[in-house]
Every structure is written in structure tokens, then in C-alpha cells.
Amino acid sequence: MEFKFNVNKLLPRKINKVTHNLVPEDFKGDRRELNECQRLLSRILDDMGEASARAQGLNKPITSALKLRDTDHMVYLLVDSEGNNGLGSVVGLLKTGSKNLFLFDEMGEHYQLQARCILDFYVHESRQRMGLGNILYQHMLSEENIRPVKLAIDRPSEKFLAFLRKYYGLSKIIPQNNKFVVFEGFFDDESRDVRSNRYSLPPRVNLDDGTPGNNDSNGRNGASLNGVPYVASISRSSFGRYAAARPPCSMANIIHNTAMLGQSAEHTGKTEDANIPSKMFVYTHTRTHARTFQLNLYNL
């Protein structure tokens with residue numbers, strides 16, 4: 001792919017590695033030159049990403065300058081220094097990154113891995129079938145010190161699968177439930193992630209000693225609160241926003257005439273006429289800003 005600016009000056013190496021800072025490895029210059037370098041490099045990443053998406057029949061690009069920021073992804077750009085009348089042209093792109101994946105091996109065993117992945121791979125149509133893709137891929141393997149079989153491939157095209165089969169003998173795919181493809185040998189030397197069921201609930205415990213059992217004949221725990229039988233609440237899961245404890249219900253305490261904030265609700269005195277009941281809610285406000293309603297019954 002050709003550009004109107006000097007690609008050789010921006011990307012002096014045959015294969016240039018670009019990270020989240022959008023600056024080539026060999027860059028040297030002041031702040032003004034840095035901004036110009038990032039602008040031109042963003043143009044290259046965006047255009048190459050769009051070309052890759054069109055070649056793979058995708059709705060939107062996988063690679064862009066914006067998607068590269070704030071990630072651990074790396075983009076390798078293959079440059080033909082003699083292209084575009086000596087200005088240089090970009091002929092290949094390879095993007096890698098780490099992903100937290102849930103995968104299954106040949107036996108159906110479950111793994112959770114922080115896997116290194118191939119996220120995008122593209123060689124310009126005018127330079128395909130010339131071995132340039134293999135040169136780019138070999139450079140990436142050497143830079144990241146990883147074997148081809150240990151890489152997870154994100155939505156590989158048929159051309160990419162044929163490339164892996166031809167150059168690296170990777171043909172036995174292990175089916176997965178997600179969009180990634182792995183081959184036999186990927187799980188060698190990996191430990192399986194065994195996790196407990198996050199939705200399982202512990203048994204009911206006694207309020208006094210925290211041990212199961214000690215229930216009365218009605219199936220409730222023996223502990224009580226102001227004479228009202230009490231059933232210990234089951235501890236919540238420690239995952240997600242639902243881990244927060246639910247505050248006690250003040251109205252429930254009022255209805256059952258149970259203790260609130262260390263004080264119990266009490267009946268007041270009687271008047272001469274006990275046939276006309278009246279209810280009055282008294283609003284109280286504590287130092288901890290907890291708001292409760294206490295019901296006092298007055299018989300007038």
C-alpha cells in the first residue's frame with residue numbers, strides 16, 4: 001500500500017514493531033516531530049486495517065490506531081523500501097495480543113488461559129504468494145519467542161489456515177465455542193483451571209456457633225431475636241455487584257415488633273376509651289444517618 005509521504009523515513013526497518021504509543025522503535029525527535037510521526041503512523045494503521053477487513057469480508061476493521069492505544073497489542077509492519085518510487089510502501093501487517101480465553105482441549109477439559117493470540121494478519125494483494133507473509137510471521141515468532149502451535153488465532157480466513165498448514169504443519173484444529181482457533185499441541189504443558197461453582201450456596205449455620213444444624217422441631221435455628229425465631233441468612237457470593245450485603249428492613253422489624261438499633265418497640269399507656277385506636281409514626285435519625293420508622297401504638 002502506497003502513501004503520499006515518505007514511508008522509509010517513518011519506518012526505516014524492513015519489519016517495524018509498533019506498540020500502544022504509536023511510535024516506531026527507532027524514532028528520535030522532538031515533540032513536534034513526535035506528533036507528526038504519530039499522525040502519519042495512525043494513517044498507515046487505519047488504512048491497512050481497513051484493507052485487511054475488506055480482504056477478510058469483515059464489517060469493520062480489527063486494526064486501527066485507536067484500537068491499539070491502551071493495550072498490550074503489537075503490530076508488525078512489513079515495508080518494501082523500493083516501492084512507490086523510492087518512498088517505500090507498506091505490504092504486510094501482523095497484529096498480536098494477549099487475551100483471557102476459556103478453551104477446551106481434545107478431551108473436553110476446560111482451561112482458562114492468558115493466551116498469546118494472532119488478532120490480524122494481512123499481506124497486500126499485489127504482494128501475495130511471494131513468501132512475504134512467512135517472513136513477517138517468522139519475525140514475529142522470533143520477537144515474541146513463541147512456537148506457532150502455542151498461538152490462538154482469531155477468526156482465521158481459509159487463506160490463513162492454508163498458510164499455517166503449508167509452512168508450519170498446523171492442520172488438526174481443536175473445536176472451540178468461541179471465535180478462536182487452536183491446534184493440537186496448544187495445551188501441552190498447560191495446567192487445567194479447576195474452579196468451584198460460584199453459584200453454589202453454603203448450608204445454613206447456627207447464629208451462636210456458626211455450625212450447621214442445632215435446629216428446633218420446626219426446622220428453624222434455635223436462636224431468636226426478641227422472641228421471634230431467627231434464621232441465619234446465607235452468605236452472598238463474593239463475585240460482582242451482588243456481593244454487597246442487603247441492609248435490614250426497618251418496616252419488617254416494626255411489623256414483627258423486633259429490636260431496631262439496639263432498642264425494642266414498646267407499647268405506651270392506655271386512656272379511658274380503648275375502642276378508638278390511632279397509629280403514629282415517629283421519625284428518628286441516628287448519627288450514622290440510618291433512617292428508620294418506629295411505630296408506637298396509642299390507645300385513646
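Does Arg-127 count as buried, exposed or partly exposed, and at what relative accessibility? In this predicted model, Arg-127 comes out as partly exposed, at 22% relative accessibility. Its side chain meets that of Asp-80 in a salt bridge, with 2.7 Å from N to O. This pair ties together distant parts of the chain: Arg-127 sits in the loop between strand E4 (110-123) and helix H4 (132-144), while Asp-80 belongs to strand E2 (residues 74-80), 47 residues apart. Asp-80 has a relative accessibility of 19%, so it counts as buried, the cut-off being under 20%.

Glu-36 and Arg-39 pair up through their side chains at 2.7 Å, N to O. Both lie in helix H2 (residues 31-56), three residues apart, or about one turn of the helix. Glu-36 is partly exposed, with 34% relative accessibility.

Then there is Arg-43 with Asp-47, whose side chains form a salt bridge at 2.9 Å, again taken from N to O. These two are about one helical turn apart because they are four residues apart in helix H2. As for accessibility, Arg-43 is partly exposed at 47%, whereas Asp-47 is buried, its relative accessible area being 19%.

Salt bridges also join up into a network, which links Arg-13, Glu-25 and Asp-26. Overall, the count comes to nine salt bridges. As a general point, oppositely charged side chains can pair when their charged atoms come close.

Conventions. Residues are numbered from 1 along each chain as its sequence is written. This is a predicted model: local features need pLDDT of at least 70, side-chain atom pairs count only at pLDDT 80 or more; totals for chains, interfaces and linings use all residues. Side-chain values use heavy atoms; hydrogens and water are left out. A salt bridge is a side-chain nitrogen of Lys or Arg within 4 Å of a carboxyl oxygen of Asp or Glu. Buried means under 20% relative accessible area, exposed over 50%, partly exposed in between (1.4 Å probe, protein chains only).
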